[in-house]
Amino acid sequence: MDTAGGLNTERVPAAGRRALTVLYDLARPFIFTLDPETAHHVAFSNLDRAHALGLTRLLRPHVADDPVEVMGLTFPNPVGLAAGLDKNAEHIDALADFGFGFIEVGTVTPRPQPGNPAPRLFRLQPARALINRMGFNNEGLDRFVANVKASRSRGVVLGLNIGKNADTPIDKALDDYLIGLRRVYPLLLDRPGYVAVNISSPNTKNLRSLQGGAELKALLGGLRKARRELADRHGKRVPLAVKIAPDLDDADLPRIADALAAHGIDAVIATNTTITRDGVAGLPHAEETGGLSGAPLAARSTEVVRQLAQHLKGALPVIGVGGIMSGDDALAKIAAGAALVQLYTGIIYRGPALVGECRRAILRQRQRAAR
């Protein structure tokens, strides 16, 4: 046992760690017989039990650190978890044992809200995809802040993803984002992290209209002013990232990129889920409303990353997310210009082994490029 009372993983053979990832492959058929939301809760309940016993440390991949500087932060490695899997920031410590370089939690809204009626999450297994219309279901800022404060992991960069309540009029959306920013900002004074602004979920009415020209400038202007005041008050400038949709016209991408850069935003996250159904037509649940994620999103999200990176020319970094189901998919995002990548649906289908696979692929590519 180690000094914390858990299992000393340095004494556990590598084969034991590999065996735990195999267990996910064995468990997945059973998990997939459950309703997707039920499966989510069952999986996290068991993950938390395993963490309490020190077992999740066995999931840490055998990969050398691959630090990268982005947004003025040092990320231990460039592979992160996207927002949405841990909406209430309840599982940060257990998820950190997967080997992520950063974990983004949320989306959190100022007040608790139940989200959209169930059923609201659907698997499209032949396409390795999900459709969700969750609607920012979360327990609100009070619970979110308490959970972040209670987390102990300090070796992983933390992203705090904020949104607006469904019943807040769209012309008052900035008020909700400012409430969120002011509440979560102090959480990052003594730990590395950033605040992500979600204006791209398709499951909150009119939210994506905030990506429009005048609407985006007003939102960014308000956030910039509030962040400046918070930085002056606390003596630390916390980075801001904005998450955009994949369904924007190509002609809109330069406008959005320029607006983000002009307002001092530190990164753009590309992309959220899509309302298109390319690659899933005819499959069960394909006609459900909501955002599509997983393998069918990969090509479009990578193209958005490429266009943003080419236009920005390093003015601010791009975080690539959408359809990463393998190490090669992660490399495609990096090759397109992403500085960091995030996983979500791939974790559902592949389990924690995907984190190590992506880290190894990126590290090997960087080592080859350095020769």
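Predicted model: local features only at pLDDT ≥ 70, side-chain atom pairs only at ≥ 80, totals over all residues.
Axes here are lines fitted to C-alpha atoms, taken for helices over the stretch in contact, and the angle between two of them runs from 0 to 180 degrees between N-to-C directions. Helix α4, residues 140-150, packs with helix α5, residues 173-184, at an angle of about 25 degrees, and their axes are 11 Å apart. Angles under 35 degrees count as roughly parallel, and α4 and α5 are therefore roughly parallel to each other. The crossing in which α4 passes α5 is right-handed. On the α4 side, the residues that meet the partner helix are Leu141, Asp142, Phe144 and Val145, and on the α5 side they are Ile179, Gly180, Arg183 and Val184. Sorted by class, this contact has five nonpolar, one polar and two charged residues.

The largest nonpolar core has 78 residues, and the members that touch the most others are Ile103, Leu160, Tyr177, Leu181, Ile244, Leu308 and Leu343. Helix α6, residues 213-234, gives the most to this core, with seven residues. Another core, of 17 residues, lies apart from the largest one and has Val68, Ala82, Val157 and Leu340 among its members. Leaving out residues up to four places away in sequence, Ile103 touches Leu81, Ile92, Leu95, Ala96, Val156, Val157, Leu158 and Gly159.

Several loop residues are also worth a visit. Asp97 sits in the loop between α3 (92-96) and β4 (102-108). Residues under 20% relative accessible area are buried, and Asp97, at 4% relative accessibility, therefore counts as buried. Residues up to four places away in sequence aside, Asp97 touches His51, Thr56, Arg57, Leu59 and Arg60.

Ala127 belongs to the loop between β5 (121-124) and β6 (129-132). With a relative accessibility of 12%, Ala127 also counts as buried. Beyond its neighbours within four places in sequence, Ala127 is in contact with Gly279, Val280, Leu283, Ala295 and Pro296. Ala127 and Ala89 are 38 residues apart along the chain, and a distance of 29 Å separates their C-alpha atoms.

Ala89 itself is found in the loop between β3 (79-81) and α3. This alanine has a positive phi of about 60 degrees although it is not a glycine. Its relative accessibility is 2%, so Ala89 counts as buried. Lys313 likewise is a residue other than glycine with a positive phi, near 50 degrees. The loop that holds Lys313 runs between α8 (298-312) and β12 (318-321). Lys313 has a relative accessible area of 70% and is exposed, whereas Ala89 is buried.

Finally, the backbone contains cis peptide bonds. One joins Ala118 and Pro119, where omega is about 0 degrees. Pro119 lies in the loop between β4 and β5. Another cis bond leads from Ala270 to Thr271, with omega near 15 degrees. Thr271 is part of the loop between β10 (267-270) and β11 (291-294).

Note on methods
Residues numbered from 1 in each chain as written. Heavy atoms only, no water. Helix = DSSP H or I, 4+ residues; strand = E, 2+ residues; numbered from the N terminus. Parallel < 35°, antiparallel > 145°, perpendicular 65-115°, else oblique. Left-handed = near helix turned anticlockwise from the far one by under 90°. Contact = heavy atoms within 4.5 Å. Nonpolar A, V, L, I, M, F, W, Y, C, P; charged D, E, K, R; others polar. Core = buried A, V, L, I, M, F, W, Y, C linked by side-chain atoms within 4.5 Å. Buried < 20%, exposed > 50% of the residue type's maximum accessible area, 1.4 Å probe, protein only.
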